[in-house]
Structures are given as structure tokens and as C-alpha cells.
Amino acid sequence: MSNHLYLIGLPASGKTTLGRQLAAHYGRGFLDLDHRIVAEAGQTIPEIFASEGEAGFRQREAAALAAVASQPGQPLVVATGGGTPCFFDNLAVLHASGFVLWLDVPPHELLRRLARRNQAATRPLLAATATAATPQQALAEWLARTLEARSGFYAQARLRHPGGEVAEVAAALEAAGFRP
Ligand SMILES: Nc1ncnc2c1ncn2[C@@H]1O[C@H](COP(=O)(O)OP(=O)(O)O)[C@@H](O)[C@H]1O
Ligand SMILES: O=C(O)C1=C[C@@H](OP(=O)(O)O)[C@@H](O)[C@H](O)C1
Ligand SMILES: [Mg+2]
């Protein structure tokens, strides 16, 4: 098992964005689990959801995580997808193979980021909110509902942090016991 640094949290919490920055900061490789799933499937995330349903996507996600967790070589910074820790035994796999950071960004900030053009288009779970009569309200409700359902998983992270400047997050990680 490896010693990866995993980022977990709701969509738009910045797992991909901050993950890349942390990888550069620590001189580690960066891996986005969703990008790996897309490369292996030869389909986009919305295409996978359309052809195989969420169940098919979750199978692919668990398989991709298991492969990353056990891959030999240098430890990486890994951005997971928003649902990754909440299915199968993925949370145990995360803890067994690295340090888990929950990017806990307030829902009003997630709402602001996700309301931007095209953010819902690449995230099939949000697609229905974009075509709702009141998209902002539908998005806010989805975020509240999803945080409620997932917070018990997210809260098991070694560190809960709102994100921000990479040096600040790195200092918090090291104070919480992360060894680069
Ligand atoms: N700290 C931040 N401040 C403002 N916007 C951000 C921040 N982090 C990410 N974003 C923006 O939010 C959107 C989603 O970020 P992303 O890194 O893809 O999140 P995730 O991988 O958690 O879904 C992107 O448009 C990104 O530019
Ligand atoms: O929250 C989720 O269940 C999902 C989040 C997405 O990743 P991001 O959190 O990077 O948007 C992606 O894995 C898929 O659309 C499902
Ligand atoms: Mg992402």
C-alpha cells in the first residue's frame, strides 16, 4: 500500500485544483481519479453515466481507486471524485493507503462556483438542477442534501480544512501529521 495524499469533498470544493497545487508544492505526481476513469473507459463521465448508470460509474471508480492505492512507485497527490469515499469499502482503502484531507468549503461558496457556466454539464449528478425551473435553488438543495448524506464519510478524514493558499494548507497538513 502507498502513502498518497488524498483529497475528498463535495463537487467544486477544489480537489482537482488544490490537488495539482499540492502536488507541485511537494514535488509529487498528481492523479485525478475521474481522469483515470475517463482514460480507461474511453468515455467522458457524462457518457459513462448515460451508458452504464451511476452503478457502472461507481464500479469503475472503486476499481480505479483500488489500482491507485496498490500501485508501486512514488506516493502521489490524488484528487478523488465527490462520491468516492461514500461507496463500497473505498473509505477504508483511502485510509489504508494514505492521508485523507477533507476540503470542507461552505455550501454558499460551492454554489457560487457551480453556478458558473458548464460546471453542471461535466457533473451528471447536477444535470437535473441546470434544467430545473429555479436552477440556483435546485443546486442549493442538491448541495444541502448531498452534504447531509455524505458528511459522515467526509468527517472521517485525518484533516478537515476549508482550502485556500497552498502553503497554508500544507502547514495544516503537516501539523495534523502528514509526512511529505
Ligand atoms: N479556492 C478556489 N477559489 C475559487 N474557485 C475555485 C477554487 N478552487 C476551485 N475553484 C473553481 O471551482 C471549480 C471546481 O473546482 P475543481 O478543482 O474542479 O473542484 P472538484 O475537483 O472538487 O470538483 C473550478 O471552476 C475551479 O476553478
Ligand atoms: O459527487 C459525485 O458523486 C461526483 C463528483 C464528480 O467529481 P468532482 O467532485 O471532482 O466534481 C465525479 O466523480 C462524478 O461526476 C460524481
Ligand atoms: Mg474534480
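In which loop is alanine 12 found? Alanine 12 is found in the loop between strand S1 (4-8) and helix H1 (15-26). The model is predicted: local features need pLDDT of at least 70, side-chain atom pairs count only at pLDDT 80 or more, and totals for chains, interfaces and linings use all residues. Residues are numbered from 1 along each chain as its sequence is written, and chains are lettered from A and ligands numbered from 1 in the order in which they are written. Helices (H or I, at least four residues) and strands (E, at least two) are DSSP runs, numbered from the N terminus.

**Ligand surroundings**

- Ligand 1 is surrounded by Gly9, Pro11, Ala12, Ser13, Gly14, Lys15, Thr16, Thr17, Ala79, Arg113 and Gly163; a residue is near a molecule or strand if its C-beta atom, placed from the backbone, lies within 6 Å of it.
- Helix H1 supplies the largest share of the shell around ligand 1, three residues.
- By class, the shell around ligand 1 holds three nonpolar, six polar and two charged residues. Here Ala, Val, Leu, Ile, Met, Phe, Trp, Tyr, Cys and Pro count as nonpolar, Asp, Glu, Lys and Arg as charged, and the others, Gly among them, as polar.
- Around ligand 2 are Pro11, Lys15, Thr16, Asp34, Ile45, Gly81, Gly82, Gly83, Arg123, Pro124 and Leu125.
- The shell around ligand 2 comprises four nonpolar, four polar and three charged residues.

**Residues with positive phi**

- Most residues other than glycine have a negative phi.
- Alanine 12 has a phi near 75 degrees, a positive value in a residue other than glycine.
- Alanine 12 is buried because 23 other C-beta atoms lie within 10 Å. A residue is buried if 20 or more other C-beta atoms lie within 10 Å of its own, exposed if 12 or fewer, and partly exposed in between, with C-beta atoms placed from the backbone.
- Phenylalanine 88, in the loop between strand S3 (76-79) and helix H4 (90-96), has a phi near 50 degrees, which is likewise positive in a residue other than glycine.
- Phenylalanine 88 has 15 other C-beta atoms within 10 Å and is therefore partly exposed.

- Glycine 81 is found in the loop between S3 and H4 and counts as buried, with 24 C-beta neighbours inside 10 Å.
- Glycine 81 and lysine 15 lie 66 residues apart in sequence, and their C-alpha atoms are 8.0 Å apart in space.
- Neighbours within four places in sequence aside, glycine 81 is in contact with Leu33, Asp34 and Glu61; two residues are in contact if their C-beta atoms, placed from the backbone, lie within 7 Å.
- Alanine 176 lies in the segment after helix H8 (166-175) and counts as partly exposed, with 14 C-beta neighbours inside 10 Å.
- Neighbours within four places in sequence aside, alanine 176 is in contact with Arg158 and Leu159.
- From alanine 176 to leucine 101 the C-alpha to C-alpha distance is 10.0 Å, with the two residues 75 apart in sequence.

**Helix packing**

- Helix H2 (residues 33-41) and helix H3 (residues 45-69) pack at an angle of about 115 degrees, with their axes 9 Å apart. That angle makes H2 roughly perpendicular to H3.
- Axes are lines fitted to C-alpha atoms, for helices over the stretch in contact, and angles run from 0 to 180 degrees between N-to-C directions. Angles under 35 degrees count as roughly parallel, over 145 as roughly antiparallel, 65 to 115 as roughly perpendicular and the rest as oblique.
- In the contact of H2 with H3, Leu33, Asp34, Arg36, Ile37, Val38, Glu40 and Ala41 in H2 meet Ile45, Ile48, Arg60, Glu61, Ala64, Leu65 and Val68 in H3. These residues divide into nine nonpolar, no polar and five charged.
- H1 and H8 pack at an angle of about 75 degrees, with their axes 10 Å apart, which makes H1 roughly perpendicular to H8.
- Leu18, Gln21, Leu22 and His25 in H1 meet Val166, Val169 and Ala170 in H8; this contact has five nonpolar, two polar and no charged residues.
- Helix H5 (residues 107-114) and helix H7 (residues 135-154) pack at about 135 degrees, with their axes 10 Å apart, so H5 is oblique to H7.
- The H5 and H7 contact is made by Pro107, Leu110, Leu111 and Leu114 of H5 and Leu139, Ala140, Leu143, Ala144 and Leu147 of H7. These residues divide into nine nonpolar, no polar and no charged.
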